[in-house]
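Please open the structure in the viewer and keep the selection panel at hand.

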Amino acid sequence: MYHFKMGRQLAVGVHAKAAALAALLGALCFAPSAHAQSEDGSDSNQDDSLASEKQAADEKEQGDETPGEKDRLPEVAPEEAPSDNAPLEKDGKAYKFIGMRFRNVIVPKAMINLFADGGASVNVFTFGPEFTTRKNGLELDLALSYADYSMDPFLFKGKNDDQFAWEMVSSDLKLVYFTSDLLFEIPLDEKKGRFSLLVGGGVGIGVVFGNLYRAQAYPNTPGSVPSPDDVGSWSKCSGAGSAYCDASNNHYGNYDEPSWVNGGAKPSVFPWVSFPQVSFRYKPIKQLQTRLDAGLSITGIFFGLSAGYGL
């Protein structure tokens with residue numbers, strides 16, 4: 001009996017220990033699963049994986065920029081201080097230049113033929129000092145120019161005169177012009193101020209010096225009527241005595257036409273009017289400007305250039 005009780009107690013103790021050991025093993029086996037689940041039974045490892053993938057996708061969209069780098073303002077290089085020689089002109093400030101001007105005025109025969117017959121194309125070279133003042137894109141050029149109107153002999157007569165009225169004309173006339181040009185600027189590079197177009201016109205007056213020679217002329221071959229363009233086929237009349245050399249005036253030999261003040265036809269002063277005038281201006285540095293000019297005047301077409309140094 002005693003042995004039976006002892007065996008029974010031993011069996012109960014063994015069963016109790018086995019049950020405790022099973023419970024412990026069960027806890028150990030099921031512990032990771034219990035910690036890996038949230039309160040509502042969802043898998044937290046899956047949520048963490050989705051969050052990681054989303055973060056990686058966001059970083060890929062942002063590129064290699066670190067947080068906050070995208071919102072950072074780009075660095076701006078400091079602007080260089082303008083040079084003392086920079087050609088750009090400031091509004092409200094006057095700029096003055098002194099220099100020289102050269103022009104070639106072409107008096108075409110076609111222009112002469114609008115008012116008279118005969119004539120010849122003439123190149124008149126002018127040059128002299130020029131003073132320029134500029135402000136807010138408005139330029140005023142004041143010039144004193146010497147012009148040489150010397151001409152070789154050519155045949156000339158009025159539009160309404162008959163074929164016997166030809167005269168041989170030549171001159172060694174010189175003029176001194178006082179002119180002013182008013183030009184408006186059209187900038188071609190506003191940031192640097194080096195290139196621009198100028199448009200406008202000019203007026204002035206010229207004082208006339210020198211002699212104007214004219215004499216009645218006749219054909220070298222009697223009975224012929226040579227072309228007035230062939231000056232070598234004509235001669236000056238030495239006096240009255242034929243249809244070509246009549247007594248209507250005393251223009252014989254080396255007749256020198258008197259000026260207006262002496263009752264003659266030679267002008268004492270001569271106007272200068274140019275319109276339109278177009279100029280191309282190049283200013284490489286603050287102290288230097290150059291200009292190419294072209295335009296139409298009452299005496300013909302002109303082309304020229306000028307250069308001025310800043311005062």
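How many helices and how many strands does the chain have? The chain has three helices and eleven strands, where helices (H or I, at least four residues) and strands (E, at least two) are DSSP runs numbered from the N terminus. This is a predicted model, in which local features need pLDDT of at least 70 and side-chain atom pairs count only at pLDDT 80 or more, while totals for chains, interfaces and linings use all residues. Residues are numbered from 1 along each chain as its sequence is written, and side-chain values use heavy atoms, with hydrogens and water left out.

**The whole chain**

Colour the chain by secondary structure and follow the elements from the N terminus: their order is α-α-β-α-β-β-β-β-β-β-β-β-β-β. Next, display the surface. The accessible surface is about 19,900 Å², and carbon and sulfur atoms hold 62% of it; such areas come from the Shrake-Rupley method with a 1.4 Å probe, and for residues only the protein chains shown count as cover. Of the 311 residues, 29% are buried, meaning under 20% relative accessible area, with exposed being over 50% and partly exposed in between (1.4 Å probe, protein chains only). Among contacts (heavy atoms within 4.5 Å) with a separation of 6 or more, 62% join residues 24 or more positions apart.

**The nonpolar cores**

Select Val124, Ala147, Tyr149, Leu175 and Tyr177. Of the 17 residues in the largest nonpolar core, these touch the most other members. A nonpolar core is a set of buried Ala, Val, Leu, Ile, Met, Phe, Trp, Tyr and Cys residues joined through side-chain atoms within 4.5 Å. Strands β1, β3 (122-135), β4 and β5 (167-187) each supply at least two residues of this core. Now centre on leucine 175: leaving out residues up to four places away in sequence, its contacts include Ala147, Tyr149, Val207, Val208 and Phe270. A second, separate core has nine residues, among them Leu155, Trp234, Cys245 and Tyr252. In soluble globular proteins, nonpolar side chains tend to be buried together.

**Salt bridges**

The chain has 22 salt bridges, each a side-chain nitrogen of Lys or Arg within 4 Å of a carboxyl oxygen of Asp or Glu. Select aspartate 293 and arginine 103, whose side chains form one of them at 3.7 Å, N to O. Aspartate 293 lies in strand β10 (residues 288-297) and arginine 103 in strand β1 (residues 94-107), so this pair ties together parts 190 residues apart in sequence. Both residues are buried.

Move to glutamate 139. Its salt bridge with arginine 134 has the closest N and O atoms 2.7 Å apart, and a salt bridge with arginine 291 has them 3.4 Å apart. The latter pair links distant parts of the chain, with glutamate 139 in strand β4 (residues 138-158) and arginine 291 in strand β10, 152 residues apart. Glutamate 139 and arginine 134 are buried, as is arginine 291.

**Two serines**

Is serine 279 buried or exposed? Serine 279, in strand β9, counts as buried because its relative accessibility is 1%. Its side chain makes a polar contact (2.6 Å) with that of aspartate 293. A polar contact is a pair of N or O atoms within 3.5 Å; within protein, one must be able to donate a hydrogen and the other to accept it, and residues adjacent in sequence count only if both atoms are side-chain atoms.

Finally, select serine 242, in the loop between β8 (234-236) and β9 (269-285). Serine 242 is partly exposed, at 37% relative accessible area. Serine 242 and phenylalanine 164 lie 78 residues apart in sequence and 9.4 Å apart in space, C-alpha to C-alpha.
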